Amino acid sequence: MTDLLYHASAAQRYDECMTPDGTLRPGWQGIVDGLGDLEPGELSRISTDVARLLEDDGVTYIPPADESIAERTAEAVAANRARTGRDEVARANSLPQAMPWQLDPVPFVLDAREWGRIEVGLVQRAELLNAVLADVYGAQRLLARGDLPTAAIYGHDEFLRPLVGGAPGEPGSTHDQVGAQPLFMIANDLGRDADGEWTVLSDRTQAPSGAGYAMQNRRVVSRVMPDLYREARLFRLTPFFHTMRIALLEAAPRAVEDPRVVVLTPGTHSETAFDQAFLASLLGFPLVEGNDLTVRDGRVWMRSVDRMEQVDVILRRVDAGWSDPLELRAGSRLGVAGLTEAVRRGTVTVVNGLGSGVLENPALLPSLPQLCQTLLGEPLRMPSVQTWWCGEPAQLSHVLTHLDQLVVRPICRGDGRSVLGSDLDAASREELVARISARPYRFVGQEVLPLSSAPSASEAGSLGISGLVARQSVLRTFAIRQAASYRVMTGGLATVVDEPPYAGAPGHTTGRVRLTKDIWVLSHDAGPPADPATGPVLPASISRTVGAEAGPFHLGPHGQSVMVPRVLDDLFWFGRYAERAEDLARLVLAVRQVAVETDLDLRADGPLPVLLRAVTHTSATYPGFVDADRAGPSAADTMHELRSVVLDVSRKGSVARNVAGLTHAAQGVRDQLSNDVWMVLAGMERSMVALRAARLDQGNQLADTSERVLSGLLALTGITAENMVRDPGWYLLDIGRGIERAQQVLGLLRYTTVVERPRDDESMVSEAALVAAESIVTFRRRHSGRIQRAAVLELLIRDAHNPRSVAYQLHRIRANLRALPGFVETARTVRVLEDLLAGLAGVDLETVCASAVDERGLRTDLDAYLKGLREQIGLLADAVEEQYLTQPLQPQPMMQLHVQAQPGPARGTSQR
Amino acid sequence: MTRFALRHVTTYAYAKAVTASYGTHYLHPRELDWQHCAATSVTISPEPADLSHHLDAYGNTKTFFQVTEPHTELVITAATELEVRIPPMITTTVPWERARPSERTDRPEAWRAVEFTLESPLIDVSEPVRAYARASFPAGRPAVETLTHLMTRIHTDFEYRSGSTTVTTRVAEVLARRQGVCQDFAQLMVACLRSMGLAGRYVSGYLATRPPPGGPRLVGADASHAWVSCWLPADDPADTDGLDDRGAPATGRWLHLDPTNNRLIDESHATLAWGRDYGDVTPVRGVIYTTSSSSSLDVAVDMVSLD
């Protein structure tokens with residue numbers, strides 16, 4: 001024994017790590033030694049590292065609210081895509097927020113022999129459920145013979161009748177293919193009972209989530225505990241994703257060399273949005289939303305910049321019922337109208353197939369042992385948790401008489417959560433019994449499994465020592481059908497669940513994220529483990545030294561980029577928000593400098609108030625410093641307002657709000673972006689959190705935070721410049737940046753150069769504007785002495801060599817437009833742009849600057865000139881949006897007629 | 001036998017152009033022992049770019065169509081020539097309890113009827129429904145008598161009032177307000193049957209204008225109509241509806257009852273399609289893509305006797 005402080009839990013549970021007499025179980029020695037060697041406090045530090053790495057990678061989970069995920073997402077999508085207010089990030093505030101993913105650095109360890117038994121059980125179960133699925137949507141022999149109770153299938157919400165095969169031989173009916181769709185992927189939740197037996201708690205067949213999280217967990221654990229990871233002979237997860245990729249390609253219904261596979265997501269508000277996007281990028285397939293696809297001629301197509309591209313395989317992460325507003329759930333905005341018809345015609349393969357969710361059905365559990373004998377001719381290897389289906393009178397009476405010992409679980413997810421009978425008071429118990437009695441076939445009772453425990457670092461910090469606590473876990477496993485058999489991921493996702501009802505890991509609890517663990521399957525033999533399915537994955541030397549899971553697979557000829565309008569739109573706004581945030585951060589820094597130099601001189605007509613008002617105007621954070629009622633801000637007000645303009649995420653136009661908009665846009669195109677983006681975004685968020693905490697800051701922290709945010713934004717610029725493929729998405733991102741920069745420069749000039757001021761003040765204001773526009777160095781190099789207004793305008797507007805000037809942005813946009821597919825000289829974008837360029841060249845800035853000053857001290861010609869330019873840039877932005885970013889319309893249901901007689905006296909009266 | 005010429009025109013009109021319509025319709029009448037479709041045509045205007053038919057899970061002909069031409073009006077015209085006879089009566093003396101399909105494992109096809117004993121998306125089986133139904137279901141009453149008793153009660157207790165309900169009105173509301181139209185009465189009766197463990201089916205169809213000789217003019221004439229069918233085990237297991245929904249030999253029969261008119265269906269009832277409720281057999285439904293926020297729907301049904 002080591003000096004590791006770990007006590008297995010009480011005797012009525014099985015402990016994964018230790019036998020009751022205190023000896024270690026197979027596989028655990030290395031982990032226990034490794035953890036035992038840690039210095040005091042190190043485990044707590046590792047937990048902190050884990051949290052930070054997860055944050056850097058933007059790993060989140062959105063805990064479900066009370067209403068269904070799909071409904072919530074539908075609403076969000078509607079709000080998101082109603083193009084009226086792109087700036088309205090506020091819509092997200094009413095929605096459940098993404099929360100940080102939770103990972104325990106201590107893995108859940110299983111040795112290969114034990115795992116082998118699990119794997120055999122899982123493969124058999126997948127085969128069995130696949131056979132059941134084929135039957136219930138096809139010949140229905142099991143139902144006809146009574147092997148399966150009719151109500152358990154027909155009474156389940158996910159039994160989708162439009163997918164049931166019709167009478168054979170009917171001309172034009174292509175139904176046979178519907179029933180024949182095999183179960184592609186299954187996830188199972190397993191628990192180990194007190195006797196050490198593995199038991200299936202639930203089957204996930206709708207659109208199983210978690211494989212992406214499992215890979216993410218593996219990557220993080222391997223980074224925080226590199227030595228342990230390297231020395232453990234553990235099976236890699238990569239081969240599973242490799243198999244999945246191949247299986248998806250092979251699922252294509254037509255014989256094409258390079259099938260188009262897409263991952264269909266409900267969108268960024270989905271619970272497992274991270275998992276979906278991460279999986280998509282791991283597999284190298286584009287992540288699309290329902291409205292990115294359309295059905296024509298009975299086939300599914302992906303909208304692209306200038307063409308439609310046929311889709312062969314859809315990895316579906318939208319629940320089937322929501323996948324087609326025509327034949328499935330009317331009013332869904334997450335699906336593709338006509339998808340069911342395309343599936344019926346066999347032109348596209350949807351996996352998991354529409355209707356597979358009927359197997360996610362605890363009512364089937366009591367029948368499985370017999371079905372296994374009937375269908376596979378062998379006994380069921382891995383038992384399900386003991387289950388009584390209330391649709392059968394004898395089982396119903398068992399459930400009602402043993403309610404205190406059981407978990408009552410609805411057979412459909414839409415019917416609410418499981419409840420533990422012993423938790424109920426008399427009134428709620430009565431209410432539950434009434435609910436069961438009204439629709440008995442919709443419920444099961446299940447025994448409460450005393451789940452096994454395993455060491456966890458979850459509470460290590462609070463214990464203050466390097467001790468571990470015993471916590472119970474549910475294991476989620478994954479299997480993929482490939483080449484007529486199932487391959488199981490050698491590992492998976494464990495979820496710490498201390499309280500029943502535990503079904504539905506991970507994170508099935510409202511309002512919080514559950515702690516997860518990486519599952520390590522360890523080989524006994526010396527040398528690296530060979531994958532049972534594909535043989536040794538990497539040469540021993542590589543797998544031992546590289547020690548990491550493989551990155552994304554190489555991309556096929558399609559590449560990773562998806563040019564659907566939604567993606568282009570997100571990238572365009574990614575560019576705009578990034579630039580907007582950057583320009584405002586620069587301006588705040590420049591203003592802060594003037595505040596220091598003038599010793600916070602807040603005389604109403606002094607340079608500082610002019611610049612403060614420019615902050616409000618350019619960021620549109622009204623009323624801010626232009627509040628007419630305000631006599632003049634105090635020093636404290638000023639600092640408070642500047643902090644708010646940087647930090648207040650609820651304030652439209654603030655730096656924080658623009659960063660939030662940027663993050664939101666990035667989440668929509670996660671599969672398109674480099675992982676570095678998340679690291680940078682997380683860093684910016686951390687520095688804003690630090691400033692929020694420093695409430696008594698006199699300006700130093702504000703400057704420091706603005707600088708950090710600025711350097712984060714510059715890093716983003718670097719990433720997009722250096723790491724992104726030049727494709728339409730990139731061109732639009734860059735156009736977005738160019739448009740925004742031109743707008744910001746013009747706004748800045750308009751609020752700093754138009755009003756006549758005393759010469760010294762004017763100099764100070766112009767200098768600050770040049771600093772904010774990052775052109776002061778160039779300006780000083782070219783012009784000595786006093787700052788001339790016309791020279792400032794020349795450099796910031798017309799100088800095509802200055803990357804901060806308006807002219808430079810226009811040339812940049814022109815180059816990008818030319819590179820986009822479908823470029824034509826006559827497009828409105830090009831015409832507006834050429835007008836702008838001609839206008840710039842044809843104006844004498846000296847004259848404009850020398851124009852008359854009105855009674856308010858305003859140079860009216862200059863004001864009109866700058867205002868006019870800004871408006872034209874606005875027209876250019878509109879033209880770009882119209883040409884490239886127009887989102888397809890949302891589906892609406894046709895009106896339906898009530899079946900009734902037409903009103904008329906002759907009819908209504910004759911009978912009565 | 002009666003022969004009918006049936007014309008069913010559905011017209012959608014939109015304030016602004018619809019760029020694409022996807023639709024499904026159930027406008028092809030079923031072939032039945034007592035009903036034959038001599039000729040049928042459904043035309044859609046503008047002409048769909050894509051159109052296909054298939055049999056659905058209940059053996060109805062379902063049509064998928066897609067219109068890709070921008071339009072402000074969509075017209076679907078079904079023209080059918082139909083021969084209808086009075087459906088043969090079912091000989092059964094069983095009490096209603098023995099008509100519960102879940103308890104008739106002796107009848108090899110009874111399991112298929114079990115689906116129709118369950119709730120469906122538009123038909124909840126609530127306690128008030130069960131309480132209302134109970135009066136027609138004393139223990140041991142012969143099944144056919146029980147069904148007609150329930151039908152007559154609904155006919156008597158409920159007021160036919162056009163416009164009193166909408167397509168989304170639930171059974172509970174109809175029950176509470178004691179008024180509705182044929183769709184509501186059909187769904188209410190189905191709910192009552194299900195509350196007692198019997199299999200109730202919703203049937204979509206038409207009712208002929210011409211009154212039978214000497215009979216009264218019927219409500220629901222010249223409009224889409226709806227009624228109910230209920231599964232019964234015939235005394236003679238060989239007495240069947242022929243083939244069942246999916247083409248397999250059937251056992252037992254479905255008795256068709258029209259609660260709106262308090263009678264079993266006859267040769268003036270033309271059957272289109274059946275399912276669990278209105279949602280399964282909506283004559284025309286679809287999805288449109290448009291910026292138009294207003295639309296109107298007009299349906300005209302014309303059923304003329306050819307004899």
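Author: The answers below set computed values against the definitions in use. This is a predicted model, in which local features need pLDDT of at least 70, side-chain atom pairs count only at pLDDT 80 or more, and totals for chains, interfaces and linings use all residues. Residues are numbered from 1 along each chain as its sequence is written, chains are lettered from A and ligands numbered from 1 in the order in which they are written, and side-chain values use heavy atoms, with hydrogens and water left out.

Reader: Why is A:A457 called buried?

Author: Buried means under 20% relative accessible area, whereas exposed means over 50% and partly exposed lies in between (1.4 Å probe, protein chains only). A:A457 has 3% relative accessibility, so this residue counts as buried. Its place is in the loop between β17 (453–456) and α16 (460–463) of chain A; such helices (H or I, at least four residues) and strands (E, at least two) are DSSP runs, numbered from the N terminus.

Reader: What makes strand β9 of chain B largely enclosed?

Author: Nine of the nine residues of β9(B), residues 224–232, are buried, and therefore the rest of the structure largely encloses this strand. In a regular strand the side chains alternate between the two faces of the sheet. On one side of β9(B), B:S224, B:A226, B:V228, B:C230 and B:L232 are buried, and on the other so are B:H225, B:W227, B:S229 and B:W231.

Reader: How do you know that β9(B) pairs with β8(B) and with β10(B)?

Author: Two strands pair if DSSP finds at least two bridges between them. Seven bridges join β9(B) to β8(B), residues 200–207, in an antiparallel arrangement, and five join β9(B) to β10(B), residues 253–258, also antiparallel. B:S229 has B:R201 as a bridge partner and stands opposite B:H256 in β10(B). B:V228 stands opposite B:L257 of β10(B).

Reader: Why are β11 and β12 of chain B called edge strands?

Author: The open sheet has five strands in the order β11-β10-β9-β8-β12 (chain B), with antiparallel pairing. In this sheet β11 (263–264) and β12 (269–275) each pair on one side only, and they are the edge strands.

Reader: How do you know that the charge of B:R201 sits over the ring of B:W254?

Author: A charge sits over a ring if NZ of Lys or CZ of Arg is within 6 Å of the ring centre and within 35 degrees of the ring normal. The charged end of B:R201 is 3.7 Å from the ring centre of B:W254 and sits over that ring. B:R201 also lies over the face of B:W274, at 3.9 Å from the ring centre.
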